[in-house]
Amino acid sequence: MAKSNQILMLSFLLSLLIISAIGDEKPRGVTYDSRSLIVNGNRELFFSGSIHYPRSPPEMWPDIIRKAKEGGINLVQTYVFWNIHEPVQDQFDFEGNYDIVKFIKEIGKQDMYVTLRIGPYIEAEWSSGGFPYWLREIKNITFRSYNEPFVYHMKKYAEMVIGLMKKEKLFAPQGGPIILAQIENEYNNVQAAYKENGKKYIEWAATMAAEIYDGVPWIMCKQKEAPPSVINACNGRHCADTFTGPNGPNKPSLWTENWTAQYRTYGDPPSQRSAEDLAFSVARFFAKNGTLTNYYMYHGGTNFGRSSSSFVTTRYYDEAPLDEFGLKRDPKWSHLRDLHRALRLSRRALLWGTPTVQKINENLEITVYENIAEQMCAAFLTNNHTTKPSNITFRGAEYYLPEKSVSILADCKTVVYNTQTVVSQHNSRNFVPSEKAKNLKWEMYEEKVPTINDLALKNREPLELYSLIKDKSDYAWYSTRINLNHRDLPMRPDILPVLQIASMGHALVVFVNGQYVGFGHGNNIEKSFVFRHPIVLKPGINDITLLAEIVGYPNSGAYMEKRFAGPRGITIQGLMAGTLDVTQNVWGHEVGVFGENEQLFNEEGANKVKWTSLTDPPPGPVTWYKTYFDAPEGTDPVALKMDQMQKGMMWVNGKCLGRYWVSFLSPLGQATQSEYHIPRAFLKPQNNLLVVFEETGGQPDKITIVTVNRDTICSMITEYHPPDVKSWERSGGKFCAVVEDLKAGASLTCPDDNVIEKVEFASYGNPDGACGNFLMRNCTSPNSVKVAEDYCLGKHTCTIPVDREIFDEPDKDPCPNIFKTLAVQVKCVVPKKN
């Protein structure tokens with residue numbers, strides 16, 4: 001009996017412990033209200049970054065995610081790319097850099113969250129907006145509409161993706177990192193084109209998503225009239241001013257795409273967006289009740305293979321905080337890092353305080369979040385004027401506000417951050433020719449230009465290009481044959497017939513009787529073009545052969561399944577009988593070029609043909625080139641410098657690096673992209689096979705293999721800059737300084753474990769310019785370089801105080817009556833081993 005009582009007592013105590021544990025445990029899952037998302041019972045501010053798993057190899061993922069976290073990112077947003085996962089209907093691929101499960105688990109491993117944008121339409125400057133080609137050939141299908149074939153396949157796809165995530169326990173209620181999911185993408189842009197079926201489709205999509213899985217909130221971006229079951233979110237550059245707000249009283253303000261620059265298409269000039277403008281937009285959004293912003297992109301990466309959409313460059317969003325190579329682009333990376341810290345110092349007030357707004361005038365504004373009972377307070381002082389700084393009085397103190405800036409006062413007293421004054425360091429990117437991978441020995445193989453007799457697929461007129469190649473290649477041969485007698489040809493030697501080809505896009509390489517005639521192309525704005533060129537014809541049989549090309553499938557707009565490309569009208573002008581229309585002359589076709597179909601870009605395929613030594617000059621169009629090289633020295637990223645080539649594709653060890661197009665110049669007379677990323681993960685220590693297919697003619701002997709670094713680092717600080725935001729912290733709910741001397745300083749930190757070898761520029765006075773291109777003006781301390789050297793040489797990190805007494809004795813100051821600026825540029829190197 002006593003033993004029985006003991007067992008009962010132990011059972012009772014154990015039950016109490018279990019009840020107590022359950023009572024203490026916060027609920028797992030994601031909810032929301034009008035203020036914020038609530039994850040596992042906790043409110044949080046979210047600083048999100050878009051990182052796309054197919055745009056970098058898995059070996060790079062941990063480092064990219066780590067650097068994002070170091071930059072203050074706590075949420076990673078990614079699309080799911082249907083066309084890479086199901087390239088053939090019902091055949092799936094989740095290997096290599098398509099391994100989305102591995103990618104999401106790595107994010108969770110680093111204690112970060114995920115927004116999963118399943119699409120299936122993603123845009124993303126990705127071929128077909130993510131739709132697999134086979135979907136286009138489903139009978140009677142209309143993409144992105146309430147169309148029975150489309151909604152059937154979309155639901156099937158969504159169930160597959162969500163099923164995989166649930167199976168791997170990747171959603172937050174299962175203990176995983178996924179806290180948000182997105183269905184569709186920017187549908188408002190095209191909804192009107194589908195009329196009533198557009199409205200029915202978007203309502204169906206929202207209902208379908210929630211029925212498949214309701215464990216996390218679903219969102220739609222750029223969807224003003226989003227169904228009640230989803231949160232509508234903003235995309236753009238300044239959502240604080242352009243977003244009309246959630247379309248329901250209990251939905252938080254979310255910003256799904258804050259564009260860090262702009263993707264680039266071939267022929268574009270550089271795309272830029274300053275760190276200051278980005279920071280201003282985010283601070284404004286959080287001042288206006290926002291609690292989540294996502295940088296699109298935080299790391300853009302590389303469009304490997306043929307993955308980019310029409311005319312989009314192989315390099316994607318290189319101007320993001322982490323550049324194409326995964327290197328920190330400062331000051332964008334570091335200035336945003338500091339912003340995130342400043343907002344986190346204000347977190348309690350932002351999440352639990354009551355906001356009030358005071359408009360001083362049309363440009364000046366004070367926003368305060370305050371909870372008096374809990375002694376929480378944070379303020380945003382805003383100057384919206386784009387050219388004039390101003391002073392503003394707040395709670396008895398006067399604050400200076402530079403033009404178009406927001407100052408964040410984490411305790412309603414202390415300026416911990418201003419969006420316009422960059423305290424963090426800058427850097428400049430360098431491309432350094434490799435010593436180990438130079439003196440390349442090139443060989444070549446010329447494609448045979450086919451005639452109609454070589455091409456098995458015949459049709460009266462040229463077949464439409466997209467549906468001919470079926471996303472298997474960028475290329476298709478077209479050829480026809482005409483028979484002329486000498487009376488058909490112009491009699492005068494100064495007159496030649498003109499070949500005119502009207503093409504729906506994207507490019508053409510033209511041959512007559514096996515001889516190269518010319519190259520024509522469209523652009524991202526106008527894909528179609530007309531090629532016109534004089535040609536030499538002869539009495540008898542003449543072969544006209546075209547290598548028609550696409551530069552990616554389209555990715556946006558309504559009715560994407562009804563887009564067309566390729567030659568549609570071919571005439572010969574200037575013949576003695578007038579214009580000859582050969583459009584319906586019977587044409588032969590073949591998808592791909594010989595070297596592509598035989599895979600000359602890998603070791604097995606390269607052995608199928610006889611390569612010859614490179615001639616001088618190189619032979620010209622449709623030629624393959626190959627060489628071998630050893631992996632470059634060190635661990636820096638690697639790239640190909642292709643500035644003397646024209647247009648084509650590149651492979652290393654059988655892996656396609658993507659398209660290159662150096663001959664398409666921007667209005668500035670420069671190539672849109674000259675350097676092309678070779679991930680270290682693609683390389684062996686020795687004998688790496690590099691193969692290039694050149695379409696129109698270039699100089700392969702001028703190709704250079706380079707390493708990439710950002711070892712040139714800089715700082716530019718004024719006397720009125722606030723101290724670094726790291727000078728403060730919150731401890732036990734209290735806001736306090738963690739340094740004794742709250743002054744601005746030029747802080748420099750080398751990447752990795754490198755140290756400062758040289759001070760390349762230093763001026764304390766009124767310098768101008770930017771990192772890598774500083775200029776000394778009419779005022780500078782003669783001791784500037786020496787002071788910088790004393791503080792920094794041989795160190796991994798250093799801070800040079802902005803203090804007049806350090807640089808000059810009072811009676812020797814060369815310009816005592818100006819506000820001074822300190823600009824410093826140093827070079828970092830790998831430290832020498834003892």
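Predicted model: local features only at pLDDT ≥ 70, side-chain atom pairs only at ≥ 80, totals over all residues.

Let me begin with empty space. Rolling a probe the size of a water molecule over the atoms shows where such space is left. How many cavities of 30 Å³ or more does the structure hold? There are 3 of them.

The largest cavity contains about 80 Å³ of space. One part of its lining comes from Ser-128, Phe-131, Pro-132, Tyr-133, Arg-136 and Phe-143. Tyr-553, Pro-554, Met-560 and Glu-561 also line this cavity. Sorted by class, the lining of the largest cavity comprises 7 nonpolar residues, 1 polar residue and 2 charged residues.

The second largest cavity has a volume of about 70 Å³. Its lining includes Gln-262, Tyr-263 and Arg-264, together with Thr-313. Residues Arg-315, Tyr-316, Tyr-317, Asp-318 and Glu-319 contribute to the lining of the second largest cavity as well, as do Thr-672 and Gln-673. Here the classes divide into 3 nonpolar, 4 polar and 4 charged residues.

I turn now to the sheet. Four strands, in the order S26-S23-S28-S29, form an open sheet with antiparallel pairing. Which strands lie at the edges? They are S26, covering residues 529–534, and S29, covering 578–581, and each of these pairs on one side only. From one strand to the next, the twist averages 20°.

Within this sheet, strand S23 spans residues 498–503 and is joined to S26 by 6 bridges, the two running antiparallel. Leu-499 stands opposite His-533, a residue of S26.

My last topic is the annotated region. An unreviewed UniProt entry lists residues 746–829 as "domain: SUEL-type lectin". Over residues 746–829, the chain is 15% helix and 42% strand.

A pair of aromatic rings is described by the distance of the centres and the angle of the planes. The structure has 49 aromatic pairs. Why is the pair of Phe-761 and Phe-774 described as stacked? The ring centres are 5.4 Å apart and the planes lie at 25°, so the pair counts as stacked, given that the cut-off for stacking is under 30 degrees. Phe-761 belongs to strand S42, residues 755–765, and Phe-774 to strand S44, residues 773–775.

Thank you for your attention.

Technical notes
Residues numbered from 1 in each chain as written. Heavy atoms only, no water. 1 Å grid on protein atoms, 1.4 Å probe; cavity = no way out; pocket = protein on both sides within 12 Å on 5 of 7 lines; lining within 4 Å. Points joined across faces, edges and corners; volume = space filled by probe spheres on them. Nonpolar A, V, L, I, M, F, W, Y, C, P; charged D, E, K, R; others polar. UniProt positions renumbered as here; feature names shortened; annotations may be inferred. Pairing = 2+ DSSP bridges. Axes fitted to C-alpha atoms, helices over the stretch in contact; angles between N-to-C directions. Phe/Tyr/Trp six-rings, centres within 6.5 Å; stacked < 30°, edge-to-face > 60°.
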